[in-house]
Amino acid sequence: MTQRLFVSIAATALALAGCSSTDADPDQLTSAQVEESLLVADSLGEGFEEKADDEDEIDIESPMGCLTALDDFDADVDATDASVRFAFRPGAGPGLPEVTNGTLSFATTEKASAFMDRFTDSVASCRTVDERAENGVEVRLDVALDKEVTVADADEQADLRADGTFSFGDRALRFSVAMSVVRSENNVVAVLTTDLAELAVVSPLTEEYTRLAVARLLAVADGDEAPDDAASVSPEPHTGPAAPA
């Protein structure tokens, strides 16, 4: 993998320079710092409110095929690594996307980079989802993964985008998933946005939310308060689920 090669070359360069990768590793964030760095509802735009992950949770069987790997995003993180995940649910406005933001802080940059490798490996071969559950729900998605770094101060980045339909019976709805995972030194930030809307609507929101999430992380890592910046783009609530064209 390119990331592993990069880590190997970087470690060799540091050794030749007279220092080790361990010496250069920044401090691992505490759980409290990770919690502080996470996006708040006011960051996301009008209509969002903060709710706990399990509040008003409705369990509906949705066959996500190879994207089921996203459910285990942080499953293999050691208990000693700070790991916090926090979800936002739609607020008063109808048709708002669901947004989840999580940050993982590792003891070393090498561990964070290895985590990025594991994540990209878990979704690298996922290109389509075409699944039907026993309850009749069908999910059909085209999936793409891009590892171009576009976020400022990011060392690695993986953008997963999926666009298609969510169907039940004779009703098909537009459905999209946009996830960005960014590593900055020894920390990994993830933002996941899903909505009954097309990817052209959801992807720009995820890009902006990711930029804000990384900025908050970097501020907290530097010992500052997380900025209270709001997204420069806001979700435009649709009055009802979007039907596919």
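This is a predicted model: local features need pLDDT of at least 70, side-chain atom pairs count only at pLDDT 80 or more; totals for chains, interfaces and linings use all residues.
1. Salt bridges overall. Six salt bridges are found when the whole structure is searched. Some of them share partners, and in this way Asp 130, Arg 132, Glu 138 and Arg 140 are joined into one network.

2. The pair Arg 140 and Asp 130. Within the structure, the side chains of Arg 140 and Asp 130 form a salt bridge, with an N to O distance of 3.1 Å. This pair connects distant parts of the chain: Arg 140 belongs to strand 5 (residues 137-146) and Asp 130 to strand 4 (residues 128-132), with the two 10 residues apart. Arg 140 has a relative accessibility of 40% and therefore counts as partly exposed, since that class lies between the limits of 20% and 50%.

3. The pair Glu 156 and Arg 183. A salt bridge also joins Glu 156 to Arg 183, whose closest N and O atoms are 2.6 Å apart. Here too the partners come from distant parts of the chain, 27 residues apart, with Glu 156 in strand 6 (residues 156-168) and Arg 183 in strand 7. Glu 156 and Arg 183 are both buried.

4. The pair Glu 208 and Arg 211. The side chains of Glu 208 and Arg 211 meet in a salt bridge at 2.9 Å, N to O. Both residues are in helix 6, three residues apart, or about one turn of the helix. An α-helix has 3.6 residues a turn, so residues three or four places apart point the same way.

5. Geometry of helix 6. Helix 6 covers residues 199-221, and its 23 residues should span 33 Å at 1.5 Å a residue. The C-alpha atoms at its ends are 32 Å apart, which agrees with that expectation. After helix 6 comes Gly 223, which has a positive phi near 85 degrees.

6. One of its members, Glu 185, is located in the loop between strand 7 (171-184) and strand 8 (187-195). Glu 185 has a relative accessibility of 43%, so this residue counts as partly exposed.

Key. Residues are numbered from 1 along each chain as its sequence is written. Side-chain values use heavy atoms; hydrogens and water are left out. Helices (H or I, at least four residues) and strands (E, at least two) are DSSP runs, numbered from the N terminus. The expected span of a helix is 1.5 Å times one less than its number of residues. Buried means under 20% relative accessible area, exposed over 50%, partly exposed in between (1.4 Å probe, protein chains only). A salt bridge is a side-chain nitrogen of Lys or Arg within 4 Å of a carboxyl oxygen of Asp or Glu.
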